[in-house]
Amino acid sequence: MSLVQYKMNIHVSDEQIADLKRRLKDTRFISNPGNEDRYYGIDAKYMSELVDYWASQFDWRKAEAQINAFDHYKVEIDGVPIHFMHKPGKGPNPIPLIISHGWPWTFWHWSKVIGPLADPSAYGGDPEDAFDVYIPSLPGFGFSTPLTKPDMNFWKITDLFHKLMTEVLGHKKYAASGSDYGALITGQLGHKYADSLYGIHLGHAILLNLFQGERPWDLTDGFKVPAGAPDDIREGILHFQRTYVSHVAVHMLDSATISYGLNDSPVGLLAWIMTRWLKWGDDTGYNIEAKYTKDELLTMASIFWFSNSIEMTIRMYTNMNRYPWTPSHDRTPIVEAPMGITFLGGENIPGTTTETRVQAFLDSPDAKWYNPIYLKAHERGGHFTGWENPDAIIEDIRGTFKKLR
């Protein structure tokens, strides 16, 4: 169907840009003594460097032009605004593909994969692998704002994205991919709407009952390192806890409280999301600019800032527990749609390697949730899948759906 009526350009007003620069220049930095090793969190030296660049050198208009090189649209479904980026497929039979992001991602984290997936021949690929690619901002994220419904979570987003693909865009059948929070959305699509899907691809195998129960703030679910565990297993578990646990606890228990500061201070916002970009990658030396330039980091931070969205993105965690997921059927596997998974080495679970990662998954209880047809582990890449190792994501999306076209 025609998308003309939904067309939009991304545009931030001069007044918003000036306000951001004023706030940045008025920053009152913490003193941060003894934190050169980032033991206490992101260090003030690097933060002040980033903030100075954001205030004096970063060019949002240039970033905006790069974003607007793609086609953008905005629709409203059941009172919820949904922005999406679209690139039509170039090939004999492109299939529709919706790709969902996570937190603290933006739709722009998928900008490295949209071109090769839509137009494979332009990147040395096979035109038979072409997709019509749709990359939405999750409701409440980026330009899918303002979100006024207070109860949004992944399984409610799933219903909206299914309506987007079938009712608004008119696709009788489509494919879906996602990582992080987007893996939950994609998994739920494969659970509830399997009949409408060619299949799904996941950047993370996250079970749909995550964050349920009485300890939703505790990503370890009270698990302690077993006595006598080998040193590598012990250190792996402790590293996982130090890497992922803190933000889940805060987001679950104090989503509004922390949002006051992050919504008012661009530096507070940057520090909170930058810490995740630093810690969740596959570079243990925290050399973030080996993967992102300052302009790329600040483009994504600016999307969070200009869209005034941080509060509702954080609330997505709380709402997973407050409004729990319940199965739509009792068949097995729970996620019936054929499924492919990408495993990246920066997130190998303790006790596994890239060589053993696929078999470890197949041997785990998690595998019983799915209908796997394609599993591949890659040495390089961390949590931000399509940004850190786009080649792997492109290869594995193509590999998954080559079997399903």
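1. Arg 61 and Glu 64 sit together in helix H3 (residues 60-67), 3 residues apart, which is about one turn of the helix. This is a predicted model, and in it the side chains of Arg 61 and Glu 64 meet in a salt bridge with an N to O distance of 2.8 Å. An α-helix has 3.6 residues a turn, so residues three or four places apart point the same way.

2. Elsewhere, salt bridges that share partners join Asp 19, Arg 22, Arg 23, Asp 26 and Asp 264 into one network. Within that group, the side chains of Arg 22 and Asp 26 meet at 3.9 Å, N to O; Arg 22 is partly exposed at a relative accessible area of 44%, and Asp 26 is exposed at 54%. Over the whole structure, a search finds 19 salt bridges.

3. Against this background, which buried residue has no salt bridge? Arg 276, in helix H9 (residues 266-279), is buried without one, and the nearest side chain of opposite charge, that of Asp 180, is 10 Å away. Leaving aside neighbours within four places in sequence, Arg 276 is in contact with Trp 103, Pro 104, Ser 246, His 247 and Phe 384. A reader inspecting this site may wish to display those residues together.

4. Helix H9 itself is mostly covered, since 11 of its 14 residues are buried; among them are Trp 272, Ile 273, Met 274, Arg 276 and Trp 277. The buried residues of H9 pack against helix H1 (14-25), helix H2 (44-56), H7, helix H8 (255-264), helix H10 (294-306) and H11. At 1.5 Å a residue, the 14 residues of H9 should span 20 Å, and the end C-alpha atoms are 20 Å apart, which agrees.

5. Helix H6 (residues 181-192) has 12 residues that should span 16 Å at 1.5 Å a residue, and with its end C-alpha atoms 17 Å apart it agrees with that expectation. Because 11 of the 12 residues of H6 are buried, this helix is largely enclosed by the rest of the structure. The buried residues include Leu 184, Thr 186, Gly 187, Gln 188 and His 191, and the buried residues of H6 pack against strand E4 (95-100), helix H5 (154-168), strand E6 (174-178), E7 and helix H11 (310-322).

6. Leu 208 lies in the loop between strand E7 (197-202) and helix H7 (231-253). Not counting residues up to four places away in sequence, Leu 208 touches Phe 154, Leu 184, Gly 187, Gln 188, His 191, Trp 325, Val 335 and Trp 369. The C-alpha atoms of Leu 208 and Thr 186 are 9.9 Å apart in space, although the two residues are 22 residues apart in sequence.

7. The sheet is open and mixed in its pairing, with 9 strands in the order E1-E2-E3-E5-E4-E6-E7-E8-E9. Strand E1 (7-8) and E9 stand at the edges, each with a single partner strand, so one side of each is left without a neighbour in the sheet. Within the sheet, E6 and E7 run parallel and are joined by 5 bridges, one of which pairs Tyr 174 with Leu 197 in E7.

Technical notes:
Residues are numbered from 1 along each chain as its sequence is written. This is a predicted model: local features need pLDDT of at least 70, side-chain atom pairs count only at pLDDT 80 or more; totals for chains, interfaces and linings use all residues. Side-chain values use heavy atoms; hydrogens and water are left out. Helices (H or I, at least four residues) and strands (E, at least two) are DSSP runs, numbered from the N terminus. Contact means heavy atoms within 4.5 Å. The expected span of a helix is 1.5 Å times one less than its number of residues. Buried means under 20% relative accessible area, exposed over 50%, partly exposed in between (1.4 Å probe, protein chains only). Lys and Arg count as positive and Asp and Glu as negative; His and the chain ends are not counted. A salt bridge is a side-chain nitrogen of Lys or Arg within 4 Å of a carboxyl oxygen of Asp or Glu. Two strands pair if DSSP finds at least two bridges between them.
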